[in-house]
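Subject: Handing over a structure

Hi there,

Here is the structure I promised to pass on to you. Have a look at it, and then read on for my notes.

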Amino acid sequence: MLFISDLHKSYDSLEEMRSIEWLLGVLDEFSPDYLISAGDNGEGMTPEDFHEITRRAKLIMVYGNHENFAVARMNSIPDGHIVRAGGIKVSGINGLIGSGRREYYTSPEKLMRLIGKLRGIDIFVSHQPPYLPEAYPGMTMDEGSIRMLEFIREVKPRLHLYGHMTGGCYSFHGPHLRVDSSARFRCFATIEEGEVAIYDRDGLVERLRAW
């Protein structure tokens, strides 16, 4: 499996426009069976981009708050849907957790209703980060981050993959893992038999044991 988040393909800079070119190169090099995305693929994503991705790997994706939503929704898993990736069970929830009316909000109630169904899942994917002040000292304690932290504590996945936050190439506070695949960092992770390898544009950064 290969994990990315916050690719942010946009037309704001040449480097951001080349985000898919970079990702396809990574997929060609590593040849993963599955690509997991925690969202914020970017407003510049096209159907052709997703076609090229899915030619190379099976896609397990949740959308974030910066998307071409018409395309992203068609390529995202339904909230709480379980994908069996070999011997690993993967699920997730889309958007950010909140009570407002924005198109990327998913209600806290919907998240918490999934606890019973997903308890003990191997990998849970969300764009919404949990409340982790030890990782992000300036992080706001809002409803979404608190509910996600509560959810993960109840569900107890082996690994929680999330996005949205900035603050370097990656953060790992077991079981919570974030990578920043944007033009600024170009980081991603591979996951195999419980071992996580973090890469940036220069190569291997660190190996971690998730389970």
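To start with a definition: a disulfide is a pair of cysteine sulfur atoms within 2.5 Å. Please keep in mind that this is a predicted model, where local features need pLDDT of at least 70 and side-chain atom pairs count only at pLDDT 80 or more, while totals for chains, interfaces and linings use all residues. Residues are numbered from 1 along each chain as its sequence is written, and side-chain values use heavy atoms, with hydrogens and water left out.

The disulfide

The structure holds 1 disulfide, and it joins cysteine 169 to cysteine 187, with 2.1 Å from S to S. The angle about the S-S bond is -125°, and the link is left-handed. Distant parts of the chain are tied together here, 18 residues apart: cysteine 169 sits in the loop between β9 (159-162) and β10 (170-173), and cysteine 187 in the loop between β11 (176-179) and β12 (188-192). Helices (H or I, at least four residues) and strands (E, at least two) are DSSP runs, numbered from the N terminus. Cysteine 169 and cysteine 187 are both buried; buried means under 20% relative accessible area, exposed over 50%, and partly exposed in between, with a 1.4 Å probe and protein chains only.

Nonpolar cores

A nonpolar core is a set of buried Ala, Val, Leu, Ile, Met, Phe, Trp, Tyr and Cys residues joined through side-chain atoms within 4.5 Å. The largest one has 27 residues, and Met1, Phe3, Val90, Leu161 and Val196 have the most contacts inside it. At least two residues of this core come from each of β2, β4 (83-85), β5 (88-93), β8 (123-126), β9, β11, β12 and β13 (195-200). Another core, of 25 residues, lies apart from it and includes Leu7, Leu27, Met45 and Met61.

Helix α3

In helix α3 (residues 47-56), Asp49, Phe50 and Ile53 are buried. Seen down the helix axis, these buried residues fall within an arc of 90°, so they line one face of α3; the arc is that of the directions from the helix axis to the C-beta atoms. They pack against α2, β2 (34-37), β3 (58-61) and α4 (69-75). The exposed residues Glu48 and Arg55 are on the face turned away from the buried side.

Serine 19 belongs to helix α2 (residues 19-30), and with 0% relative accessibility it counts as buried. Its side chain reaches the backbone oxygen of leucine 7 at 3.5 Å and makes a polar contact of 3.4 Å with the side chain of arginine 186. A polar contact is a pair of N or O atoms within 3.5 Å; within protein, one must be able to donate a hydrogen and the other to accept it, and residues adjacent in sequence count only if both atoms are side-chain atoms. Aspartate 79 lies in the loop between α4 and β4, and its side chain reaches the backbone nitrogen of asparagine 94 at 2.8 Å.

Aromatic pairs

Rings of Phe, Tyr and Trp (its six-membered ring) pair if their centres lie within 6.5 Å; planes under 30 degrees apart count as stacked, over 60 as edge-to-face and the rest as tilted. The whole structure has 7 aromatic pairs. In one of them, tyrosine 63 and phenylalanine 69 have ring centres 5.8 Å apart and planes at 85°, so the pair is edge-to-face. Trp22, Phe30, Phe188 and Tyr199 are linked into a cluster by ring pairs.

Best wishes

Key
Contact means heavy atoms within 4.5 Å.
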